[in-house]
Amino acid sequence: TWRVLAVYMVLAASLSEQQTLKQACPSCNARQLCNCSSMGLDFIPPGLTDKITVLNLAHNRIKHIQSQDLQQAVNLKALLLQSNKISSIDEDSFQSLAKLELLDLSNNSLAHLSPLWFGHLSSLQHLHLQGNSYRDLGQGSPFSSLRNLSSLHLGNPQFSVIRQGNFDGIELLHKLWIDGSNLGQYEQGSLKSIKEINHMIINLRNSNIFSEIVRDILHSVTWLEVTEIKLPIENKRLVQNSTDPFRLQKVTFKEAFFTDQTISLAIVLLKEITSLKELEAINCVLEGKGIWNTEEIARSGQSYVETIMINKVMIQNFHLFVDLNGMESQINKLKRLTIASSNVFMVPCKLARHFSSLLYLDFHDNLLVNKRLDETICKGSWPSLQTLNLSQNSLKSLKQTAMYTSRLAKLNNLDISQNNFGDIPDVCEWPENLKYLNLSSTQIPKVTTCIPPTLEVLDVSANNLKEFGLQLPFLKELYLTRNQLKTLPGAAPMPNLVALSVRRNKLNSFSREEFEGAQVGTVHLSLMECHRSLVVSVICVLVFLIILLLVAIGYKYHMVWYLRMTWAWLQAKRKPKRAPPKDVCYDAFVSYSENDSDWVENTMVRELEQACPPFRLCLHKRDFVPGKWIVDNIIDSIEKSHKTLFVLSEHFVQSEWCKYELDFSHFRLFDENNDAAILVLLEPIQSKAIPKRFCKLRKIMNTKTYLEWPAGEEQQQVFWENLKEALKS
């Protein structure tokens, strides 16, 4: 017996926990994904089972994680606890989560990290700990058992110390993110224990620590991204007692601050990293005039960097920036250069001629004009350049732009889109080997023989072109999107065309003659463009069916009736809420079902109208004005009656007619918040049987005494006396 009782108690407790879980987090009911975020929870709900693989408890008010909270969730793979108020975690809280792959504890109130929390998380790949309040990682490594860890996010504005041994146990990371904005102490060698890091991001303001960290990661990090740093002025070497081969290939500076002095020193120091191939600066500030220490830079040797990307760099007083004379020896090995959204308006000819190895140049979204372009692309400049992007500048003359770029003998790819040319000449001089030309969004009104015949790809989208009839024998791809074309371009002048984009034009139909027998491989057209008549017909049919459906629904649910009744009620609202005493003709308006008419008309009416003194009752059968709209009759009868008497029964509730009558009675009576309703129950009826929309009537049945028709004759006499008293009140 005691065993049965024990099993019963366990089952009862389990059911109770599952019920609590369902109440706290309805989405957890028998689902693998349990989303309980932003529900105001201050605890982990009980009843979690082994069916759940993803548990989202983010953005709640949880303060403590206890040992038993997650004990049954043994198949959990993702646990999201970010943005709570967690300040303490029991040491064995995650002990049963051997399959967990993602744990997010970011943006909480953890003042320390315990290695015991993570001791059993052998499958963990992603760990987010940033945004808490711990100042260090302890004396040892909290991550020593996390052999499968792939990404680690840690740090916060209070994080100030990194010690040797803090990262022991981690050998390979795809991503390491550290918020070290107030990092003040870094013990040399702390990051050396990690053998390989693909991408390391660190928010760092202490420039001295930057040098120490770089020395430790030269052999492990492939891409280093540093934010908010002010580079040091003192000359601290980045390479000390280190030997090749280095792994570091790319360095990105975000929101960094440079001066003429610090950028000169940075160039010298970064050249020591012989593996470094790519430099990037995003949203940085350069304070200076370009007066760099070019002599020191030249003495430091050749740069190994092949790619430089500069995006949204603010140069204070950029119009005073000098021509960087003396930097020629540092750029002759550069292969790719991007300077975008940085107010560049020219490159000195002398400097441009030394970019002898440059293959790719991107100057999009700058301040280049035709006059300065003549200096930027002077004769002998950019001798190896193959791709040039001048889009989103202030170029006005297509003829001049073409002529200047013709000086680039090896250029085959040119993007001059989103410049406001406005006009196109008949003849232009272009680079001899030009294969790709982007003239989209340049306001040209037509295409002429200015377009070079050597092209293989041409984009003239968004130019309001009305026709296209050029002879382009080598063209393979043509983009004519967002123009005003009414006919397709001819196929014969472009015999090698394999791709044609004509979306968003004014094409109505295609004729066989337009293709002239040319075989079309793949056509990417919208349904509207390809089958306009069919689409219009289908839309018309769907609209007709929707209207038909709405009419059917309106008929079934008497929508017209409700609309007319609502209108009548609104009209009635403008009248005085109660009729003057001289206009009150009846003691009560009687609302009842036709199925109860025998009792109403032969029993109740006889008893009340033959009383002494007699009561005047208003019945719809007898007293409604013939030919008058039913709603107006109801309004007038209620307004001219002292009381409204509802004869409630199962028939009343189920009657559509009574619902209509009760609808308006409900509007008029209970909108006035008066006590004019008398309820008579012919038979027992629950308040929940009354339609929910009659909320005040249901409330009255729950709070107000109503009269119930009794079976015995003696009780019936008491019933009539009570009813008469109610009518008199």
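This is a predicted model: local features need pLDDT of at least 70, side-chain atom pairs count only at pLDDT 80 or more; totals for chains, interfaces and linings use all residues.
Local features are given only at pLDDT of at least 70 and side-chain atom pairs only at pLDDT 80 or more, while totals for chains, interfaces and linings use all residues. Residues are numbered from 1 along each chain as its sequence is written, and side-chain values use heavy atoms, leaving out hydrogens and water. Helices (H or I, at least four residues) and strands (E, at least two) are DSSP runs, numbered from the N terminus.

**Burial**
- Helix H14 spans residues 630–639 and is mostly covered, with nine of its 10 residues buried.
- Buried means under 20% relative accessible area, exposed over 50%, and partly exposed in between (1.4 Å probe, protein chains only).
- Among the buried residues of H14 are Ile630, Val631, Asn633 and Glu639.

**Asn438**
- Asn438 sits in strand S24, residues 436–438, and is buried at a relative accessible area of 8%.
- Leaving aside residues up to four places away in sequence, Asn438 touches Leu414, Asp415, Ile416, Ser417 and Asp459; contact means heavy atoms within 4.5 Å.

**Backbone features**
- Most residues other than glycine have a negative phi, and most peptide bonds are trans.
- Trp382, not a glycine, has a positive phi of about 45°; Trp382 is in the loop between helix H6 (370–376) and strand S22 (387–389) and is buried, with a relative accessible area of 1%.
- Ser441 has a positive phi near 55°; Ser441 lies in the loop between S24 and strand S25 (457–459) and is partly exposed, at 25% relative accessible area.
- Cys612 and Pro613 are joined by a cis peptide bond, with omega about 0°; Pro613 is in the loop between helix H12 (597–609) and strand S29 (617–618).
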